[in-house]
Amino acid sequence: MSNAIFKVTTPGLLTTIQDCGRVGYQQYGIVVSGAMDSFSMNIANFLVGNPRNEAVIEVTVMGPKLAIMKDVIIAICGGNLSPKVNGEKAPMWKSLEVKEGDTLEFGQPLEGARSYISVAGGFDLPFVMESKSTYLKAGIGGLEGRALEKGDVLYGAREENGKSGRALHRDKVPTYSNEMEIRVVLGPHHRAFSDEAVHTFLSSTYEVTPQSDRMGFRLKGPTLEHTTSADIISEAIPLGGIQVPANGQPIILMANRQTTGGYTRIATVISGDIPYLAQAMPGCKIHFREVSVEESQDIYENNDRLIRTLEKVSSLR
């Protein structure tokens, strides 16, 4: 019996397969990639009984239209891009059963920029360097290394019944707005900027530009002046690193960031705020707030504790 789950009727703006990414290969020049919003991806998987690193569909701004080819349990988490099943509003942050012959589609973006669709049992796709994530520039991972196209069929990896009606408690569901405060740890090169430039960075409003993508968010705002040069000897780039090239306009490096970079980094976005940042649309206003390394670690530990708790609960069928 065929285990075909979805057939793509309309692909949407940018619809790809993503998981936690290719961790451990940056030393070879391999980009991590993976889901931009790991929290939404993890929760979508937990709600259908999958492990956290199972591949999901990442939907960007304008979603696809998918024909359902068999009865299956799914969950949709992340930005609210108006998901509908057979023309009726579909619940988010909750597992639901869709039937053979149903249609899943998306409408107007209401909140956030990216949604994640999980299916019980996951997708039957090959691992490339221990990941199913799509990296478009290299043409690897996902479905033939590319975004989904009209006529594509996605198959289930395992026959799983899942359970409908499982939901994330409303108090834990994140909200996304067009103006957000993003917490950062200064450095590692903030000494390459004047005290005035650091003050400007932390007290000004920056706007996400349309030139932003999965590699990085280019920002527009007050210029940040270097004390010497914008260039450094290339070094490893972390997720959330904020580069400032010679033009003085910050770039926040995201999931598809390069493995090394030669521009000064004034600060790094804390890991706990990356999922919120990932939901920023062009035009979103960002304010940066400095926190200490210790505060950042506390936030990480609290978030990790929540994820581990939800993961444990999800394994209890």
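The model is a predicted one, in which local features need pLDDT of at least 70 and side-chain atom pairs count only at pLDDT 80 or more, while totals for chains, interfaces and linings use all residues. Residues are numbered from 1 along each chain as its sequence is written, and side-chain values use heavy atoms, with hydrogens and water left out.

**Pockets**

A pocket is, on a 1 Å grid over the protein atoms alone, an open set of points where a 1.4 Å probe fits, with protein on both sides within 12 Å along at least five of seven lines; its lining residues have an atom within 4 Å of a point.

For the largest pocket, the lining consists of 41 residues, and S38, F39, S271, G272 and P275 lie nearest its centre. Two or more residues of that lining come from each of α1 (38–47), β12 (179–186), α3 (274–277) and α4 (293–314), where helices (H or I, at least four residues) and strands (E, at least two) are DSSP runs numbered from the N terminus. The most is given by α4, with 6 residues.

**Strands**

The strand β12 also belongs to a closed barrel of 7 strands, which runs β12-β19-β16-β17-β14-β13-β20 with mixed pairing. From one strand to the next the twist averages 40°, with axes taken as lines fitted to C-alpha atoms and angles running from 0 to 180 degrees between N-to-C directions. Two strands pair if DSSP finds at least two bridges between them; β12 and β19 (residues 265–269) run antiparallel and are joined by 3 bridges. T268 in β19 is the bridge partner of V185.

**Cysteines**

How many disulfides does the structure hold? There are 0 disulfides, a disulfide being a pair of cysteine sulfur atoms within 2.5 Å. The sulfur of C20 is too far for a bond, because the closest cysteine sulfur, in C77, is 14 Å away. Buried means under 20% relative accessible area, exposed over 50%, and partly exposed in between (1.4 Å probe, protein chains only). By this scale C20 is partly exposed, with a relative accessible area of 33%, whereas C77 counts as buried at 0% relative accessibility.

**Backbone**

Most residues other than glycine have a negative phi, and most peptide bonds are trans. A cis peptide bond, with omega of about 15°, joins G187 and P188, and P188 lies in the loop between β12 and α2 (195–203). S82, which is not a glycine, has a positive phi of about 55°; S82 is placed in the loop between β5 (72–80) and β6 (83–85) and counts as buried at 15% relative accessibility. W93, also not a glycine, has a positive phi of about 60°; W93 lies in the loop between β7 (88–89) and β8 (95–98) and, at 7% relative accessibility, counts as buried.
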